[in-house]
Structure formats: C-alpha cells, structure tokens
Amino acid sequence: MKHPDLHAMISVLVALLLLIGAGMTFIGALGLIRLRRSFYERVHAPTLGTTLGTICIALASLIYFSATGSVSVHELLIVIFITVTTPVSLVVLVKATAMRDASETKSKDR
C-alpha cells in the first residue's frame with residue numbers, strides 16, 4: 001500500500017520528535033551508568049528518560065499515521081500507560097528500598 005506524500009512540516013515534526021525521544025532515552029541510559037552513588041540517584045534518570053522518550057516517540061508515531069490516513073489509538077494507550085505506570089513503579093521501588101535500608105539499619109544497631 002502506497003502512502004501519500006507527507007507535507008514537509010509533518011516530516012520535520014516527526015523526525016524531530018523521534019530524535020528528541022531517542023535523545024531522552026539515551027540520556028536516561030547515560031544517567032543510569034554515570035550515577036553510581038546510590039540506588040536512589042540511579043533510579044531517577046532512567047525513569048525520566050523512559051517516560052519522556054516514550055512519549056515523544058509515540059507522539060511521532062501518532063502524527064505520522066494520522067497524516068497518512070490511518071488513525072490509531074494504540075499510541076495514546078501507550079502514552080497513558082507509560083505515564084501512569086512508570087512513576088508508580090518508581091515510587092514502589094524506592095519505598096521497598098527504603099524499607100530494606102531501614103530494616104538493615106535496625107538489625108545493625110542491635
């Protein structure tokens with residue numbers, strides 16, 4: 001199936017969103033590697049990179065497929081689920097680690 005030619009502005013917007021999304025994901029991965037002090041510092045960068053990178057890439061996909069005539073809600077669902085689940089999983093991981101650290105501190109004090 002041949003797609004109609006995209007307007008230049010749409011192509012530029014899609015390419016820009018893809019580059020921003022890939023860049024944010026890359027920065028999140030670098031943050032995971034570079035921040036070596038504690039779990040609490042290391043968990044923050046990949047969470048932001050994943051969320052913002054995925055949102056930009058999904059928006060690029062949504063714009064591209066909307067411009068070619070095939071509207072899909074998959075991208076919107078991805079954005080909603082990533083936006084909701086990533087911060088929730090971050091909070092759960094941090095709270096679990098804080099509880100573990102607190103119990104280790106109590107056992108050392110005895």
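1. Start with Thr 47. At 14% relative accessibility, this residue counts as buried, because the cut-off for buried is under 20%. Keep in mind throughout that the model is predicted.

2. Where does Thr 47 lie? Its place is in helix α2. The side chain of Thr 47 reaches back to the backbone: the oxygen of Val 43 is at 2.7 Å.

3. Which residues is Thr 47 in contact with, leaving aside its neighbours within four places in sequence? They are Thr 86 and Leu 90. Find both in the structure and look at them together with Thr 47.

4. Next, the helix pair. Helix α1 covers residues 8-34, and helix α2 covers residues 39-67. Their axes come within 7 Å of each other. The crossing angle is roughly 165 degrees. Angles over 145 degrees count as roughly antiparallel, so α1 and α2 are roughly antiparallel to each other.

5. The crossing also has a hand. Where α1 passes α2, the crossing is left-handed. What kinds of residues make up the contact of α1 with α2? There are 19 nonpolar residues, 6 polar ones and 1 charged one.

6. Now look at Phe 26. This residue sits in helix α1. Is Phe 26 buried or exposed? Its relative accessibility is 51%, and the cut-off for exposed is over 50%, so Phe 26 counts as exposed.

7. Phe 26 and Gly 49 are 23 residues apart in sequence. In space, their C-alpha atoms are 7.2 Å apart.

8. Ser 61 belongs to helix α2. Its relative accessible area is 23%. Buried means under 20% and exposed means over 50%, so Ser 61 is partly exposed.

9. What does the side chain of Ser 61 make a polar contact with? The partner is the side chain of Glu 75, at 2.7 Å.

10. Thr 47 is buried. Phe 26 is exposed. Ser 61 is partly exposed. Thr 47 lies in α2, Phe 26 in α1 and Ser 61 in α2. The two helices run roughly antiparallel.

Conventions:
Residues are numbered from 1 along each chain as its sequence is written. This is a predicted model: local features need pLDDT of at least 70, side-chain atom pairs count only at pLDDT 80 or more; totals for chains, interfaces and linings use all residues. Side-chain values use heavy atoms; hydrogens and water are left out. Axes are lines fitted to C-alpha atoms, for helices over the stretch in contact, and angles run from 0 to 180 degrees between N-to-C directions. Helices (H or I, at least four residues) and strands (E, at least two) are DSSP runs, numbered from the N terminus. Angles under 35 degrees count as roughly parallel, over 145 as roughly antiparallel, 65 to 115 as roughly perpendicular and the rest as oblique. A crossing is left-handed if the near helix is turned anticlockwise from the far one by less than a right angle, and right-handed if clockwise. Ala, Val, Leu, Ile, Met, Phe, Trp, Tyr, Cys and Pro count as nonpolar, Asp, Glu, Lys and Arg as charged, and the others, Gly among them, as polar. Buried means under 20% relative accessible area, exposed over 50%, partly exposed in between (1.4 Å probe, protein chains only). A polar contact is a pair of N or O atoms within 3.5 Å; within protein, one must be able to donate a hydrogen and the other to accept it, and residues adjacent in sequence count only if both atoms are side-chain atoms. Contact means heavy atoms within 4.5 Å.
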